[in-house]
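Dear colleague,

I am passing on the structure below, together with an account of what turned up in it. Please read it with the model open beside you.

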Amino acid sequence: MTTPTTLNPAASSVAIVRRPKRLRSLWLLVSLAVLAGLMLASVMIGSREVSWAEIMAALGGSIDGFGPAAVATRIPRTLLAVVAGAALALSGAVMQGVTRNPLADPGILGVNVGASLAVVCGMAYFGLTSASEMIWVAIVGAGATAVFVYTIGSLGRGGSTPLKLALAGAATSAALASFVTAVVLPRNDIAEGVRSWQIGGVGGATLESIRVVAPFLLVGLIVSLLSARSLNSLALGDDLAAGLGERVAIARAAAAIGAVVLCGAITAVAGPIGFVGLVVPHACRLIVGVDHRWLLPFSAVLGAALLTGADVLGRIVARPSEIDVGIITALIGAPFFIYIVRRRKVREL
Amino acid sequence: MTLERSVADAPLLSTAQVVARGRVRRTARRRWVIAVLAALIVLGYIVSLLVGQTFYSPAEVIGVILGQDVPGASFTVGRLRLPRATLAVLAGLCFGMGGVTFQTMLRNPLASPDIIGISSGASAAAAFAIVTLSISGTAVSVLAIGAGLGVALLIYALSFKSGVLGTRLILIGIGIAAMLDSLTAYVLSRAAMWDLQEATRWLTGNLNGVSWAQTVPVLIALVVLAPVLLGQSRNLSMSQLGDDTASALGVRVERSRLILIIAAVGLIAFATAAAGPIAFVAFLAGPIAARIVGPGVSLLVPAALVGALLVLVGDFLGQFAFGTRMPVGVITGVLGAPYLIYLIIRTNRAGGSL
């Protein structure tokens, strides 16, 4: 792999884009190990510590005593954190690829609030209660918002610059949020349900809710991973991608649908969680480079690790109660967002 | 466009005369607009004092204002309606003036304090003070203005990289706002009892149950800070030409920007501490005023008046137009949303300022 790069400038630029395969595999293994460690921590740590024996007992199906019972509630929670983190990070990576915009993220694009509004309207006017119905509604709301924000963000000269996209997203979020309040306020009967959903995070996870959302996530995952190759071509610009034989509009729409399904479905079960989709793909690009075939799976693993870690952290810092993961990710993510903005040249904004 | 028409009307006038006439016409129009807006605010203020669940005659209301003891009206008008309507006007003035300052300074109508995180900072601090520390009164205002200023200076410092640039400042502000909003949500979720009405005050703005204790600090802030902003209005309009041109014209750009930011943040923070971050008022007042007044004149006063009118009308509608009492922030938010989206589309097309 160590080609004499000083002699051949072309080879050196290739080396930057393509990190050595062995190194990338190593990184993937390391992050999988980190994820496994965090999952274990997530099962063990909480307002009550549990021992190995108790975990084993709980896995064996016993819920006698506090320890195994605690484990039994922490397992679905851990699973949801893993799944949600992976889905959000993957969705962010795909959105950044589709829009060729470094600030694209379900939270920034207002997709979370769009899903919220759809779910709240469903609860208030159509009496939706079951998780599977809410997922459909959330996906529709998320998709509509994503398309809307992207469209108004890319009007005018220069297409969707980060500034226009972020402003359109922030403004639309603010507008939709007041609609959410207007819908909920007169309805005391649903206020409690909406509230617990909005700040739910991953704490209220059940195996049932994960089972309901799993098919959607699987579809989103497959669509997103399959679009990796076309995202690579799209990164070269629409004209060049078309020249390489890519059907640009179809490829872009397919990838976007994958991303929207992922974040809409997760928002439906875990409430709005921001910034995972923004932070993780950027961190991953530093490690594995810009090839989407590596970037996407790697983002999923690292996203899962980040959200699981955030959940554990939220339980440690606020003992004996806990801080919702959405708040932890916002506290981690916002400084990172600022870092990205500061690093870029003015013209690119 | 105006210029072309007047040239066609009077081809014999020199350019200087045409410009001078244009200026006279624009100033006259601005005066008219200010007069009409002020009259509307007075009208709205009177109506919201007289009309409610019970109607009181003007004589009774005047009696209450003069300090007489009128059975029934003394409580309803004196304790409930009078502080509420007064705060609506004052908060609207603060939001309108603070908002248009930011929009003009950053040359982007979308860069209003409620989008770039300043209202979020004040609101998070006020919610924290009231819900978690259970303090009230002036201490809350002090904390809110401290937080608002702190956030503004933080955004300013973070976007400083060989000079502050509008775009970077806006983006960083959006990031900070997201963080602060999640803090507010956290504080509210910790509250012992989830009182939705109380929570909406810190999420969207609400005037329910305000008293004189909350109104007076806003009045003081307005009296102190509004003249500062008005004194800077010349520098403010110069800064619309861009930093380089403005400094060539003799504006000390960074210094004047700092004064403008502190004064505008002060107004926003005091109003937020009393009424919450009333959605979109700071955002909408400037562009609406710009539409009514036309180009080339200072927007500070018209925008403040538009803001006051928005809050007054929004609060009145929220109280009586629907079955449930809606907080004013929800009304302004829902009514403002379509205009906001129209504005985004127009700004992105034209890439222009107000």
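In this model, 38 residues of chain A are in contact with 41 residues of chain B, two residues being in contact if their C-beta atoms, placed from the backbone, lie within 7 Å. On the side of chain A that touches chain B, α7 (162–184), α8 (188–198) and α15 (325–343) of chain A each supply at least two residues, and the largest share, 14 residues, comes from α7(A). Helices here (H or I, at least four residues) and strands (E, at least two) are DSSP runs, numbered from the N terminus. By residue type, that side of chain A divides into 27 nonpolar, six polar and five charged residues, where Ala, Val, Leu, Ile, Met, Phe, Trp, Tyr, Cys and Pro count as nonpolar, Asp, Glu, Lys and Arg as charged, and the others, Gly among them, as polar.

A word on numbering and on the kind of model this is. Residues are numbered from 1 along each chain as its sequence is written, while chains are lettered from A and ligands numbered from 1 in the order in which they are written. This is a predicted model, in which local features need pLDDT of at least 70 and side-chain atom pairs count only at pLDDT 80 or more, whereas totals for chains, interfaces and linings use all residues.

On confidence, the predictor gives the complex an ipTM of 0.75 and a pTM of 0.79. Chain A averages a pLDDT (the predictor's confidence in each residue, from 0 to 100) of 80, and 85% of its residues score at least 70. Within chain A, confidence is lowest in helix α1 (residues 9–17), at a mean of 47, and highest in α14(A), at 90. Over residues 1–15 of chain A the pLDDT is below 50, and beyond near neighbours in sequence this stretch has seven contacts in the model. Where pLDDT is low, the predicted coordinates should not be read in detail. Chain B averages a pLDDT of 82, with 90% of the residues scoring at least 70; its confidence is lowest in helix α1 (residues 2–9) of chain B, at a mean of 50, and highest in helix α14 (residues 300–320) of chain B, at 91.

Turning to chain A, there are 15 helices and zero strands. Of its 349 residues, 51% count as buried, a residue being buried if 20 or more other C-beta atoms lie within 10 Å of its own, exposed if 12 or fewer, and partly exposed in between, with C-beta atoms placed from the backbone. Among the contacts in chain A with a separation of 6 or more, residues 24 or more positions apart account for 75%.

One residue to look at in chain A is A:Leu307, which lies in helix α14 (residues 292–317) and is buried, because 33 other C-beta atoms are within 10 Å. Not counting residues up to four places away in sequence, A:Leu307 touches A:Ala81, A:Ala84, A:Gly85, A:Val276, A:Val325 and A:Thr329. The C-alpha atoms of A:Leu307 and A:Val83 are separated by 9.1 Å, although these residues are 224 apart along the chain. Another is A:Phe275, in the loop between α12 (248–270) and α13 (276–288) of chain A; its phi is near 75 degrees, a positive value in a residue other than glycine, and A:Phe275 is buried, with 30 other C-beta atoms within 10 Å.

In chain B, helix α4 (residues 73–106) has 34 residues and reaches 47 Å from its first C-alpha to its last, close to the 50 Å expected at 1.5 Å a residue; the expected span is 1.5 Å times one less than the number of residues. α4(B) bends by about 35 degrees at B:Arg81, and a proline, B:Pro83, follows within four residues; the bend is the angle between axes fitted to the seven residues ending at a residue and the seven starting there. Because 26 of its 34 residues are buried, α4(B) is largely enclosed by the rest of the structure. Just after α4(B), B:Arg107 takes a positive phi of about 55 degrees.

B:Cys94 is found in helix α4 of chain B and counts as buried, with 33 C-beta neighbours inside 10 Å. Leaving aside neighbours within four places in sequence, B:Cys94 is in contact with B:Val218, B:Ala221, B:Leu222, B:Leu267, B:Ile268, B:Phe270 and B:Ala271.

With best wishes
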